[in-house]
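Take a look at the model below. We will walk through it step by step.

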Amino acid sequence: MHRNRFSGHSCCTTDIARKADSDFPWERRFLRPHPLSQSVTLLRALKLLPLLLQKLKRLDAMAELGALLADLLEYKRHPESKRSEFTFLQPFQTRTYDGRRHALEEERRLLQRLSEFQVDHADQDQETASHLLSKVEMEWILEVATTGTGAEEPYDFTRLAWLGDAVVFFIAVTLECKEEGPLELRQRRAAALISNRCLAKVASSFGLERFLNTVPIAAKKEPPPMGQKVPADALEALLGALLLVGGLQSCFVFMSRLHWFHTEDGGDYCVPFQSPSDASTWLGAALVRLSCTAWLLSSHPELSAEGLSDLRAELLTAGPESRIASFPAGAEQNLQSLERWAGQRSNDGVPVGGTFEMLSEYWAELQSCRAAPEKMDENGAETL
């Protein structure tokens, strides 16, 4: 989104609209909802002025949110390496579902962001990769991350929130694994930290609600009370956006700057069902879940968050009939073995980025195997 381009705004002349069609094809999708023909009268154009003003107000809000995040994260920008505002063709990928455009172009580089992460530096400030994105790209990502389904825009934050849910779980588990005390207590604290109640409180601490778009932009009535889920989902979506913008390191730094960790004692929460019985496997479980989530998001731009959840459940519960060559040697092929393997690699000091890369290969091979299973005859022999 750029102020000079009027993304999402009606143009006041057809010449401008035709220029946008030819010069900026990705903008056509945001001009179409409010086309102005040559027969448009001045009175009708004036009726659209409030909508234009609301869109401009939205642009100002995204610029303000971007500045707030830059201050929190203390981004170190390099003007000489900053990408031009006009180097990208569109903010969204071309594949869609149900006429929606949720998948951001930056999601293609999600696995690269994960491979750059080092868990040993998770609680240390370091330079982020934000300088690789232009201001326009940054504001588009933030626009998607702060737009709820009720806004009736052709995009919303559900995919990013789905990613951010796995991110915040990984952060909570990673930090709790460095704490002392019984594992059961730490698991209860982590459950409290990722709850809607806690995340909504954190979102309110820096005023995230005032940046959210939850009703149609032309609506005249006040938005309904958000409750806890909407701001919690928005915070998760913001974490997903930060992962795209600056990598997993940015997400750790961002949460460390907020009043979040050490705010819950876990007293009102139970240990989640089927939680691992040792800290290493627990960390491995969080790593495996984040890896699977990121791989699915980057590989399936056509799926909604619900479709991605269903596919993740299938991959994480794949049975022994799915024999995968890339599975760790000598391990029984099941989820628990994969989690133990990932956790042990972290304990052994193996770079987490390398583990993410290996797991990405595993998910790709596993899905391919399940999509095209071997044909077996009634005696169990493979057929051609």
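This is a predicted model: local features need pLDDT of at least 70, side-chain atom pairs count only at pLDDT 80 or more; totals for chains, interfaces and linings use all residues.

Helix α12 gives the largest share of the lining of the largest pocket: five residues. The largest pocket holds about 690 Å³ of space. Its lining counts 26 residues, and the closest to the centre are Phe273, Gln274, Pro276, Ala285 and Glu339. Several helices take part. At least two lining residues come from each of α7 (158-176), α8 (183-193), α12 (279-299), α13 (305-316) and α14 (335-347). How can such a space be found at all? A probe the size of a water molecule is rolled over the atoms, and this shows where empty space is left.

Now step back to the whole protein. It has 15 helices and zero strands. There are 384 residues, and 51% of them count as buried. The exposed surface comes to about 18,600 Å², with carbon and sulfur atoms supplying 53% of it. Next, look at contacts between residues at least 6 apart in sequence. Of these, 76% join residues at least 24 apart.

Turn to helix α11, residues 248-257. Is this helix mostly covered or mostly open? It is mostly covered, for eight of its 10 residues are buried. They are Leu248, Gln249, Ser250, Cys251, Phe252, Val253, Phe254 and Met255. What do these buried residues pack against? Their partners are α4, α5 (110-115), α7, α10 (229-246), α12 and α15 (352-371).

Charged side chains come next. The structure holds 13 salt bridges. One of them joins Arg289 and Asp165, at 3.5 Å from N to O. This pair links distant parts of the chain: Arg289 sits in helix α12, Asp165 in helix α7, and 124 residues separate them. Arg289 counts as partly exposed because its relative accessibility is 27%. Asp165 is partly exposed too, with a relative accessible area of 27%.

Another salt bridge brings together Glu64 and Arg210, at 2.8 Å from N to O. Here too, distant parts of the chain are linked. Glu64 lies in helix α4, Arg210 lies in the loop between α9 (196-205) and α10, and the two are 146 residues apart. Is Arg210 buried or exposed? Its relative accessible area is 54%, so Arg210 is exposed. The cut-off for exposed is over 50%. Glu64, at 38% relative accessibility, counts as partly exposed.

Glu184 and Arg188 meet at 3.3 Å, N to O. Both lie in α8, four residues apart, which is about one turn of the helix. Glu184 is partly exposed, with a relative accessible area of 48%. Salt bridges can also join up: Glu106, Arg109 and Arg113 are linked in a network of them.

Finish on the surface. Leu46, Leu49 and Leu53 form a nonpolar patch there, and together they have about 280 Å² of accessible area. Leu53 lies in helix α4, residues 49-73. Its relative accessibility is 48%, so Leu53 counts as partly exposed.

Notes. Residues are numbered from 1 along each chain as its sequence is written. Side-chain values use heavy atoms; hydrogens and water are left out. Patches are made of residues with over 30% relative accessible area and no salt bridge: like charges are joined within 9 Å, nonpolar side chains (Val, Leu, Ile, Met, Phe, Trp, Tyr) within 5 Å. Accessible areas come from the Shrake-Rupley method with a 1.4 Å probe; for residues, only the protein chains shown count as cover. A salt bridge is a side-chain nitrogen of Lys or Arg within 4 Å of a carboxyl oxygen of Asp or Glu. Buried means under 20% relative accessible area, exposed over 50%, partly exposed in between (1.4 Å probe, protein chains only). Contact means heavy atoms within 4.5 Å. On a 1 Å grid over the protein atoms alone, a cavity is a set of points where a 1.4 Å probe fits but cannot get out, and a pocket is an open set with protein on both sides within 12 Å along at least five of seven lines; lining residues have an atom within 4 Å of a point. Grid points are joined across faces, edges and corners, and a volume is the space filled by probe spheres set on the points.
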